[in-house]
Amino acid sequence: MSEQAVAEYRIEDLAHHSGATVRTIRAYQDRGLLPKPERRGRSNVYRDTHLARLRQIADLLDRGYTLASIKELLEAWDAGRGLGGVLGLVAEVHGPWTDEEAARISRAELNARFGGRPDERAVDEAVELGVLERLPGREDEFLVPSPQELAVAAELYAAGVPLDAVTGHLRELRAQVESIAARFLEFTTEHVFARYLGSTPPTDADAAEAAALVRRLRPLAQQTVDAELARAMRLQATRHLQQHLTAAGTAVVPAGPVPVALPGATVRAVQELVGPAHVAAFVRAATERELQARTMNELASRVVHAPEGNGTTTLPGE
């Protein structure tokens, strides 16, 4: 077969080599994502450039890009602005954000770490959460994207935490961590990456510079969360211990001010009322007012229930 024949495809052949369907290829053509094929007689002829473009589109879709944003990137490429730097930036952002390496675990080992008995419902939930990934053609083995996460789950289970409680905790924790990640990205975008994210794709030079910044800033998110989590765990663990010791009859008096967690809705309501700078003062004043009101109610109750005498009431301390 000649080199020319190898480099030319019918639409069915192109679909086979790219993994896209014939219908998808035609839809990409209609949307301007894929160049029109060469017309040869009554047939359309596609080349390796079409195959490469389909693979680029598939890769960007896998990374979460919409067809509209992919079209903008490809139009920049076609206009001669270059796409190599942008794809490098995409790869940098999509790459691993941890040094942890994935591992494999057999079903027998998995069962042994979680009670010794198969639990298909728990396995299905772990797969849904991404703690485990099924391997094609291997029913007796799983991929573990984060061995540390699986090890934590096994330790909690060994300590007596039911599996459904472990997975429920993970779901709740994941939602909170995703919120933290979104806030960190908003912060860095506003102060670092905004200049690279205009209405048009960045140049190769700008994209390469942004990719280098991603590599530099990538560890900061985990380092910040680690430090803040350690601080919060120390604070919360002390508070929980104090509460349980007090409930058991052992009075524990804090040596200094004790932070109190308020519901987010309460804090926002106070901010709207007095402004962010005065939230602490407002809460302190409201607390003192409530304590004073309860003291007055207690004193009034004593007066009401005092025995009748000479018509005078002696206040405490007199």
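Predicted model: local features only at pLDDT ≥ 70, side-chain atom pairs only at ≥ 80, totals over all residues.

Reader: How many helices and strands does the secondary structure of the protein come to?

Author: Helices (H or I, at least four residues) and strands (E, at least two) are DSSP runs, numbered from the N terminus. The protein has 13 helices and six strands. Of its 318 residues, 23% count as buried; buried means under 20% relative accessible area, exposed over 50%, and partly exposed in between, with a 1.4 Å probe and protein chains only. Contact means heavy atoms within 4.5 Å. Among contacts with a separation of 6 or more, 55% are between residues 24 or more positions apart.

Reader: What order do the strands of the open sheet have?

Author: Strands of a sheet pair through backbone hydrogen bonds, either parallel or antiparallel. Two strands count as paired if DSSP finds at least two bridges between them. Here, an open sheet of three strands has the order β1-β3-β2, with antiparallel pairing. Since β1 (8-9) and β2 (38-40) stand at the edges with a single partner strand each, one side of each is left without a neighbour in the sheet. Three bridges join β2 to β3 (residues 43-47), and Arg39 stands opposite Asn44 in β3. Helix α4 packs on the sheet, touching β1 and β3, and its direction makes about 65° with that of β3. For such angles, axes are lines fitted to C-alpha atoms, for helices over the stretch in contact, and the angles run from 0 to 180 degrees between N-to-C directions.

Reader: Which residues of helix α2 are buried?

Author: An α-helix has 3.6 residues a turn, so residues three or four places apart point the same way. In α2 (residues 11-18), the buried residues are Ile11, Leu14, Ala15 and Ser18. They lie on the same side of α2, because they cover an arc of only 100° around the axis; the arc is that of the directions from the helix axis to the C-beta atoms. Their cover includes β1, α3 (22-31), β3 and α4. Just after α2, Gly19 takes a positive phi of about 85°.

Reader: Is His50 buried or exposed?

Author: His50, in helix α4, is buried, with a relative accessible area of 6%. Leaving aside residues up to four places away in sequence, His50 touches Leu14, Leu34, Pro35, Lys36 and Pro37. Ala58 also lies in α4 (residues 48-62), but counts as partly exposed at 33% relative accessibility.

Reader: What is the geometry of the aromatic pair formed by Phe114 and Tyr157?

Author: A pair of aromatic rings is described by the distance of the centres and the angle of the planes. Rings of Phe, Tyr and Trp (its six-membered ring) pair if their centres lie within 6.5 Å; planes under 30 degrees apart count as stacked, over 60 as edge-to-face and the rest as tilted. The structure holds one aromatic pair. Phe114 and Tyr157 form this tilted pair, at 5.8 Å centre to centre and with 50° between the planes. The pair links distant parts of the chain, 43 residues apart: Phe114 is in the loop between α7 (107-113) and α8 (120-129), and Tyr157 is in helix α9 (residues 147-158). Phe114 is buried at a relative accessible area of 12%, whereas Tyr157 is partly exposed at 28%.

Key. Residues numbered from 1 in each chain as written. Heavy atoms only, no water.
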